[in-house]
Amino acid sequence: MPRNISFEDIIGWTLRVGVLISAAFIIFGIALIYVHRGAGDFSFTELVKSNSPVNTSILPVSYINSSTVRSLNGLTFVLIGLIILMATPVIRVAIGIAQFAHERNWLYTAITAVVFMNLMLAIFVIPAIVVH
């Protein structure tokens, strides 16, 4: 007898899988940094200092490209893991829109859609405005 999959199951699995994939990328990236004794133009000691100048404000998303992936740059994999980790709750909100629409709960569909739009603005539009 086939089991009906609920939205709660989908949300739970989405969050678990997102966190696990993110952790795998971050751990792999940290291992690469350790093995290569650094990443890209940054030495190992620069990366592990408590007051390291290396952070996401100096590493834009464009740092992730095919050449840094092919060269097994550890920072690239750490950044990919962080992006996946940040995207996981956003995907949860998108699934929430589908869940409330499926339940024909239009008020919560609209509220969740507004939350989703706010997230999209905060992720894509506001940083572009602030930088320029």
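Select Phe 77 and its surroundings. Neighbours within four places in sequence aside, Phe 77 is in contact (heavy atoms within 4.5 Å) with Phe 25, Ile 26, Phe 28, Gly 29, Leu 32, Val 69 and Leu 72. Phe 77 lies in helix 4; helices here are DSSP runs of H or I with at least four residues, strands are runs of E with at least two, and both are numbered from the N terminus. Phe 77 counts as buried because its relative accessibility is 8%; buried means under 20% relative accessible area, exposed over 50%, and partly exposed in between, with a 1.4 Å probe and protein chains only. A distance drawn from the C-alpha atom of Phe 77 to that of Ile 33 reads 9.7 Å, although the two are 44 residues apart along the chain.

The model is predicted: local features need pLDDT of at least 70 and side-chain atom pairs count only at pLDDT 80 or more, while totals for chains, interfaces and linings use all residues. Residues are numbered from 1 along each chain as its sequence is written, and side-chain values use heavy atoms, with hydrogens and water left out.

Next, select helix 1, residues 7-36. Its 30 residues should span 44 Å at 1.5 Å a residue, and its end C-alpha atoms are 43 Å apart, which agrees; the expected span is 1.5 Å times one less than the number of residues. Colour the buried residues of this helix: Ile 11, Gly 12, Gly 18, Ser 22, Ile 26, Gly 29, Leu 32 and Ile 33. They pack against strand 1 (38-39), helix 2 (44-48) and helix 4.

Move on to Arg 37, in the loop between helix 1 and strand 1. Its phi is positive, near 55°, and the residue is partly exposed, with a relative accessible area of 46%. Most residues other than glycine have a negative phi.

Now select Phe 44, which touches Ile 33, Tyr 34, Arg 37 and Gly 38, not counting residues up to four places away in sequence. Then select Phe 42, in strand 2 (residues 42-43). Beyond four places in sequence, Phe 42 is in contact with Leu 47, Val 54, Ile 58, Leu 59 and Leu 75. Phe 42 and Leu 75 are 33 residues apart in sequence and 9.4 Å apart, C-alpha to C-alpha.

Which residues make up the largest nonpolar core? Select Ile 33, Ala 39, Phe 42, Phe 44, Leu 47, Val 54, Leu 59, Tyr 63, Leu 75, Val 78 and Leu 79, 11 residues in all. Such a core is a set of buried Ala, Val, Leu, Ile, Met, Phe, Trp, Tyr and Cys residues joined through side-chain atoms within 4.5 Å. Helix 2 and helix 4 each give two or more residues to this core, and helix 4 gives the most, with 3.

Finally, for the residues around the largest pocket, select helix 4, which gives the most to its lining, with 6 residues.
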